[in-house]
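Trainee: I would like to learn how to read the features of a structure one at a time, beginning with the overall picture and moving on to particular residues.
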Amino acid sequence: MLLDTDGGGEVEKSGFPNLSLHAFYAIDNAKKAVEAACPGVVSCADVLALAARDAVVLVSKQNQ
């Protein structure tokens, strides 16, 4: 769901099932930062998993 279009057609990010998702910029920025530090090591799936983990921690702290 993190693939951007190259102008050639529809990709996951702009596909109908993902239109309700927002804040891709946060994941894109995190991926750029990781790529700058460790080029070619961390995948988009890794960044997404870490972002999900951090979101769960933040929400659980707010609900305590």
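Trainee: How many helices and how many strands does the secondary structure of the protein come to?

Mentor: Bear in mind that this is a predicted model. The secondary structure comes to 2 helices and 0 strands, and of the 64 residues in the protein, buried ones make up 12%. If you consider contacts between residues at least 6 apart in sequence, 15% of them join residues at least 24 apart.

Trainee: How should I describe the packing of two helices, and at what angle do the axes of α1 and α2 cross?

Mentor: In general, two packed helices are described by the angle between their axes and by the distance between those axes. Here the axes of α1 and helix α2, the latter spanning residues 44-62, come within 10 Å and cross at roughly 120 degrees. Because of that angle, α1 is oblique to α2, and the crossing of the two helices is right-handed.

Trainee: Which residues make the contact?

Mentor: From α1 the contact draws on I27, A30 and K31, while α2 contributes C44, V47, L48 and A51. Sorted by class, the contact of α1 with α2 has 6 nonpolar residues, no polar ones and 1 charged residue.

Trainee: Is K31 buried or exposed?

Mentor: K31 counts as buried because its relative accessibility is 16%, and buried means under 20%. The residue lies in helix α1, which covers residues 24-37, and, leaving aside residues up to four places away in sequence, K31 touches V42, S43, C44 and V47.

Trainee: What is a disulfide, and how many disulfides does the structure hold?

Mentor: A disulfide is a covalent bond that links the sulfur atoms of two cysteines. The structure holds 0 disulfides. As for the accessibility of individual cysteines, C38 counts as partly exposed at 35% relative accessibility, and C44, with a relative accessible area of 33%, is partly exposed as well.

Definitions and conventions: Residues are numbered from 1 along each chain as its sequence is written. This is a predicted model: local features need pLDDT of at least 70, side-chain atom pairs count only at pLDDT 80 or more; totals for chains, interfaces and linings use all residues. Side-chain values use heavy atoms; hydrogens and water are left out. Helices (H or I, at least four residues) and strands (E, at least two) are DSSP runs, numbered from the N terminus. Buried means under 20% relative accessible area, exposed over 50%, partly exposed in between (1.4 Å probe, protein chains only). Contact means heavy atoms within 4.5 Å. Axes are lines fitted to C-alpha atoms, for helices over the stretch in contact, and angles run from 0 to 180 degrees between N-to-C directions. Angles under 35 degrees count as roughly parallel, over 145 as roughly antiparallel, 65 to 115 as roughly perpendicular and the rest as oblique. A crossing is left-handed if the near helix is turned anticlockwise from the far one by less than a right angle, and right-handed if clockwise. Ala, Val, Leu, Ile, Met, Phe, Trp, Tyr, Cys and Pro count as nonpolar, Asp, Glu, Lys and Arg as charged, and the others, Gly among them, as polar. A disulfide is a pair of cysteine sulfur atoms within 2.5 Å.
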